[in-house]
Amino acid sequence: TLSMFQQLMNFHWWDLIQLMHETGAKIYKTWHTTSAHPCEFCQAMEGKEVLVDEPFLRENESVLGVDGGIFNNNFVDVDSAGLHPNCHCRMKMRATL
């Protein structure tokens, strides 16, 4: 049989959300920087964990960068890792029952 992680990798986002609501499992996504020199805003997002049905950053929310800059998200909810063009951030998934 497939592990829960292997099963999760075969699902699409909406399937994960439905699975979470139907089973009571909690499925989290975590922001991770992969660049050797991430921007100050991605550094601030490093390690942020939210449920898979929640955005990392909501529309009209701001991120305080590690160097003191402010990123104002004036667009749409940020549902996956990637704040800006050429962003190298990724997300990791974690599930609990």
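I began with the rule for aromatic pairs: rings of Phe, Tyr and Trp, the last by its six-membered ring, pair if their centres lie within 6.5 Å. I kept in mind that this is a predicted model.

**Entry 1: aromatic pairs**

How many aromatic pairs does the rule give? I noted a count of 2.

I took Trp31 and Phe56 to start. Their rings are edge-to-face, with 5.1 Å centre to centre and 90 degrees between the planes. I looked up where the two residues lie. Trp31 is in strand E1 (residues 26-32), and Phe56 is in the loop between E2 and E3. The pair links distant parts of the chain, 25 residues apart. I also checked burial: Trp31 and Phe56 are both buried.

Then I turned to Phe41 and Phe71. Their ring centres are 5.8 Å apart and the planes stand at 50 degrees, so I wrote this pair down as tilted. Phe41 belongs to helix H3 (residues 40-45) and Phe71 to strand E4. Here too the pair links distant parts of the chain, 30 residues apart.

**Entry 2: a charge over a ring**

I went back to Phe56. Which residue puts its charged end over this ring? I found Lys29 there, 5.1 Å from the ring centre.

**Entry 3: the salt bridge**

I looked for salt bridges and found 1 in the structure. The side chains of Glu49 and Arg94 form it, at 2.9 Å from N to O. Glu49 is in strand E2 and Arg94 in strand E5, 45 residues apart, so I noted a link between distant parts of the chain. I then checked accessibility. Glu49 counts as partly exposed because its relative accessibility is 36%. Arg94 is partly exposed too, with 37%.

**Entry 4: positive phi**

I looked up two asparagines with a backbone angle worth a note. Phi of Asn60 is near 75 degrees, a positive value in a residue other than glycine. I placed Asn60 in the loop between strand E2 (49-51) and strand E3 (62-64). Its relative accessibility is 61%, so Asn60 counts as exposed.

Asn86 also has a positive phi, near 65 degrees, and is likewise not a glycine. Where does Asn86 sit? I found it in the loop between strand E4 (70-72) and strand E5 (90-96). At 70% relative accessibility, I put Asn86 down as exposed.

Key. Residues are numbered from 1 along each chain as its sequence is written. This is a predicted model: local features need pLDDT of at least 70, side-chain atom pairs count only at pLDDT 80 or more; totals for chains, interfaces and linings use all residues. Side-chain values use heavy atoms; hydrogens and water are left out. Helices (H or I, at least four residues) and strands (E, at least two) are DSSP runs, numbered from the N terminus. Buried means under 20% relative accessible area, exposed over 50%, partly exposed in between (1.4 Å probe, protein chains only). A salt bridge is a side-chain nitrogen of Lys or Arg within 4 Å of a carboxyl oxygen of Asp or Glu. Rings of Phe, Tyr and Trp (its six-membered ring) pair if their centres lie within 6.5 Å; planes under 30 degrees apart count as stacked, over 60 as edge-to-face and the rest as tilted. A charge sits over a ring if NZ of Lys or CZ of Arg is within 6 Å of the ring centre and within 35 degrees of the ring normal.
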